[in-house]
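Colleague: I have a chain open on my screen and would like to go through it with you. Could we take it piece by piece, starting with a helix?

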Amino acid sequence: MSAIPTSWERIREEFPILDQQVNGHPLVYLDNAATTQRPRSVVAELDRFYARDNSNVHRGLHALSMRATDAYEGARARLTRFIGAAAAEEVIFTRGTTESINLVAASFGGANLRRGDVILLTEMEHHSNLVPWQMIAQRTGATLRYVPVTGDEGLLDLSDIDRLLTPEVKIFAFTHVSNTLGTVNPAADLCARARRVGAVSVVDAAQSIGHMPVDVGAIGCDFMAFSGHKMAGPTGIGVLYGRRALLDAMPPWQGGGGMISAVDFFESRWKPSPERFEAGTPNFGDAAALGTACDFLDALGRERVREHDGALAREAYERLAELPGIRLLGPAGERGGLVSFAFKDVHAHDVVTFADEDGIALRGGHHCNQPLMKKLGLASTVRASFYVYNERREIDALVASMRRTLRFFAG
Ligand code: C6P
């Protein structure tokens, strides 16, 4: 495995994809909230696994199967340490954040929600932390409530939280960092509030896990969901963390091989977590490389990653604020590693298309936040999102591209 550099100067060398021209310009990749790039060490681990160890896990007694099982369970142990979980049984591999939240909604929600119960969400949730709850609410007769967002400043309005977070609330699900606003929510405080009324907390950590220290013990959540591809890891792999006592009492959500202790023609018995929730052949190769992504981020230092990404986002916010007709979303101060904005007279898709001509990758659209967009009276925004390899000169390129776009549309 290649050594992981811990200096920001050398970090870009770990990401060969960045070393290319797009439309005649050096690539400026600012679409990291959609997916981050993977360092050489993660790609090398995928290569090593498939070249040396590939075999199905938990099924064979031969050498390759045992090596693959060790890699898979080693990755689970690595992820357990990475998020500060109490035991490996609390770490379930899934396809990503979306599947993790669907698992909690279907299994925990399906078993525990009744008519009259309430699921509390916030107005800034991604569709992945919204639609699964709508679906389980329809099935069980539970209803949804929302913590409001303050407007363009993009903070949770907690002034009425005691009226919203009542004993009828059985589940409080919220995002740690908003993928559209960049807001960092007070996760530990929200989980403590949920606990006081007997509700379980579900934290969507899709936009925080790769950008800052995230410790389930310090946050005090009951469940947490995240994706590998947003933390320098592979696609198609993610994690659901769940508190052991809750997982032990939850029914499986999918049936198949690997999750049973015994099967008869008419009934079956389940293994405990995590196998109970991992029916079928798991994504062991990507799991192994997700462990390597944890090594990468810890070698850099997640506190330093938070400072780096946040500083770039704040600087971009301040520089963009000087442009005419711009509407910036989210808090002006402390924020996650992204900035989202709209121009009065230019559609987000035009902005993103012009930026692409300049070699800059941005995202334009509703970012799977349609209800939030509706509340803010917007159809779409432009989003620039930063990661460990981004540099200040890329903010210069972003601002120059925005000025070019504005000149074109003003003329
Ligand atoms: N947001 C974005 O461009 P998946 O697709 O399962 O890996 O992650 C879903 C998800 C859940 N919660 C939040 C807060 C997210 O930001 C995302 C993914 C991407 O903003 C794709 S829409």
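Colleague: Which residues of helix α12 are buried?
Modeller: In this predicted model, helix α12 spans residues 348-357, and its buried residues are Ala-348, Val-351, Val-352, Phe-354 and Ala-355. Buried means under 20% relative accessible area, exposed means over 50%, and partly exposed is in between, with a 1.4 Å probe and protein chains only. Helices (H or I, at least four residues) and strands (E, at least two) are DSSP runs, numbered from the N terminus.

Colleague: Where do they sit around the axis of α12?
Modeller: Seen down the axis, the buried residues of α12 fall within an arc of 160°, so they line one face of the helix. The arc is that of the directions from the helix axis to the C-beta atoms.

Colleague: And what do the buried residues of α12 pack against?
Modeller: They pack against the strands β14 (338-343), β15 (360-361), β16 (363-365) and β17 (381-385), and also against helix α14 (392-410). Contact here means heavy atoms within 4.5 Å. After α12 comes Gly-359, whose phi is positive, near 80°.

Colleague: Before we go on, how were the residues numbered, and what was counted?
Modeller: Residues are numbered from 1 along each chain as its sequence is written. This is a predicted model, where local features need pLDDT of at least 70, side-chain atom pairs count only at pLDDT 80 or more, and totals for chains, interfaces and linings use all residues, while side-chain values use heavy atoms, with hydrogens and water left out.

Colleague: Now α5, which of its residues are buried?
Modeller: In α5, which covers residues 131-140, the buried ones are Pro-132, Trp-133, Ile-136, Ala-137 and Thr-140. They cover an arc of only 135° around the axis, which puts them on the same side of α5.

Colleague: What is packed against that side of α5?
Modeller: The buried residues of α5 pack against helix α4 (97-112) and against the strands β5 (118-122), β6 (143-147), β7 (169-175) and β8 (200-204). Just after α5, Gly-141 takes a positive phi of about 90°.

Colleague: Which residue other than glycine has a phi near 70°?
Modeller: That is Ala-232, where the value is positive, and Ala-232 lies in the loop between β9 (223-227) and β10 (238-242). Ala-232 counts as buried, because its relative accessibility is 0%. Asn-23 is not a glycine either, yet has a positive phi of about 50°; Asn-23 is placed in the loop between β1 (21-22) and β2 (25-26). With 48% relative accessibility, Asn-23 counts as partly exposed.

Colleague: Where is the peptide bond that is cis?
Modeller: The cis bond runs from Ser-273 to Pro-274, with omega near 10°. Pro-274 has its place in the loop between β12 (268-270) and α10 (284-300).

Colleague: Changing topic, is Glu-315 buried or exposed?
Modeller: Glu-315, which lies in helix α11, is buried, with a relative accessible area of 18%. Not counting residues up to four places away in sequence, Glu-315 touches Arg-392 and Ile-395.

Colleague: What about Arg-319, which residues does Arg-319 touch?
Modeller: Arg-319 is found in α11 (residues 302-320), and, leaving out residues up to four places away in sequence, Arg-319 touches Ile-395, Asp-396 and Val-399. At 25% relative accessibility, Arg-319 counts as partly exposed.

Colleague: And Asp-152, what does Asp-152 touch?
Modeller: Asp-152 is in the loop between β6 and α6 (161-164), and, not counting residues up to four places away in sequence, touches Arg-327, Leu-328, Leu-329, Gly-330 and Leu-376. The C-alpha atoms of Asp-152 and Gly-330 are separated by 5.8 Å, although the two residues are 178 residues apart along the chain. At 29% relative accessibility, Asp-152 counts as partly exposed.

Colleague: Last one, how many helices and strands does the chain have?
Modeller: The chain has 14 helices and 17 strands, and of its 411 residues, 55% count as buried. Among contacts between residues at least 6 apart in sequence, 70% join residues at least 24 apart.
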